[in-house]
Amino acid sequence: TMSFGPNQPLTARRVGARTAVALLGVLLSFGLVSAACSSDDSDSPATTSTSTTAAAQKATGDVTVSAAASLKETFTKIGKDFEAANPGSKVTINFGSSGDLATQIQSGAPVDVAAFAAESNMTTLADASLLDGKSEVFATNSLVIVTKPGNPKKIKGLSDLATVAESGGTISLCATTAPCGKYADQILQTAKVTIPADKVTRGQDVRATLSAVTDGDADAAIVYVTDAQAAGDSVDSVEIPTEQNAVAKYPIAVIKATTNASASTAFMSYVLGPEAQKVLSDAGFGAP
């Protein structure tokens, strides 16, 4: 930043009063102009510098994200919000079962950021030294029973799922390789509820599991609270008591093989930040 130095003092000599006044006027005039120039020059470079710094902090380029199926609505919005906040960036998201996504990354799929519905899947990648730094939990979730609208089978709790199955009904659960499937099996075991295997249909991920009910192929399903909320009036929800429920922790991490570490790290930070956290909270996710 350039600024003018103070005016050099003049060596005063004895001059007539009129000449002194005239000289003083010139000096004052010059001083005002000099001050104005100093102020303008000082502000201009500072503004440019701040603008340049802000621009330098913006993320640019492509970011490919592998995210759990239960994050479909929230991460679709978060991705668009991130792009709006970072002109020149492009977020592409591949949704699916966390287990399948982890396997794809282990097989060399070109992924920059992973966001899963279970810490165990992220631990698998960490143990294989595939993460760039540590993962961080950005949200939590729990499970709920969903039924057809009106709850025609009058399901009130987990034990009723076995009753419905024994009377010829079908219960939809996530695949055992998906976090939602592991959580469902866990809470059924905790509640000492056994559903005959031939009465269970398994969805590849939580969205496929939910669809079995909305499409009429199953009488009830165990899915995440957030998926039931997203389904709206197409299903009814039956709460699972806290003591029988499970808490799903959602971790996010940058993949070591990323080709855009700067933007990938920026996206992860954005997910952990207030704007994205509000999107997640509005969708029913719990705080980290």
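What share of the contacts in the protein with a separation of 6 or more is accounted for by residues 24 or more positions apart? In this predicted model, such residues make up 79% of those contacts. The secondary structure consists of 10 helices and 10 strands. The protein has 288 residues, of which 41% count as buried.

S98 is located in helix α3, which covers residues 98–106. The relative accessible area of S98 is 1%; because the limit for a buried residue is under 20%, S98 is classed as buried. Leaving out residues up to four places away in sequence, S98 touches A68, F116, A117, N121 and P179. For A117, a polar atom of the S98 side chain lies 2.9 Å from the backbone nitrogen.

T226 belongs to helix α8, formed by residues 225–231. With a relative accessibility of 5%, T226 also counts as buried. Apart from neighbours within four places in sequence, T226 is in contact with S70, N141, A283, G284 and F285. The side chains of T226 and N141 are joined by a polar contact of 2.8 Å. T226 and S281 are 55 residues apart along the chain, and their C-alpha atoms are separated by 9.7 Å.

Helix α9 is made up of 12 residues, 261–272. From the first C-alpha to the last, α9 reaches 17 Å, which is close to the 16 Å expected at 1.5 Å a residue. The buried residues of α9 are A263, S264, F267, M268, Y270 and V271. These residues lie on the same side of α9, because they cover an arc of only 160° around the axis.

The arrangement of α9 and helix α10 was examined next. Two packed helices are described by the angle between their axes and the distance between the axes. Helix α10 comprises residues 274–282, and its axis comes within 5 Å of the axis of α9. The two axes cross at roughly 55°. An angle under 35 degrees would count as roughly parallel, and one of 65 to 115 as roughly perpendicular; α9 and α10 are therefore oblique to each other. On the α9 side, the residues that meet α10 are Y270, V271 and L272. Their partners in α10 are P274, E275, A276, Q277 and L280. Y270 and V271 are also among the buried residues of α9.

Notes: Residues numbered from 1 in each chain as written. Predicted model: local features only at pLDDT ≥ 70, side-chain atom pairs only at ≥ 80, totals over all residues. Heavy atoms only, no water. Helix = DSSP H or I, 4+ residues; strand = E, 2+ residues; numbered from the N terminus. Buried < 20%, exposed > 50% of the residue type's maximum accessible area, 1.4 Å probe, protein only. Polar contact = N/O pair within 3.5 Å; in protein donor to acceptor, adjacent residues only side chain to side chain. Contact = heavy atoms within 4.5 Å. Expected span 1.5 Å × (residues − 1). Arc of directions from axis to C-beta. Axes fitted to C-alpha atoms, helices over the stretch in contact; angles between N-to-C directions. Parallel < 35°, antiparallel > 145°, perpendicular 65-115°, else oblique.
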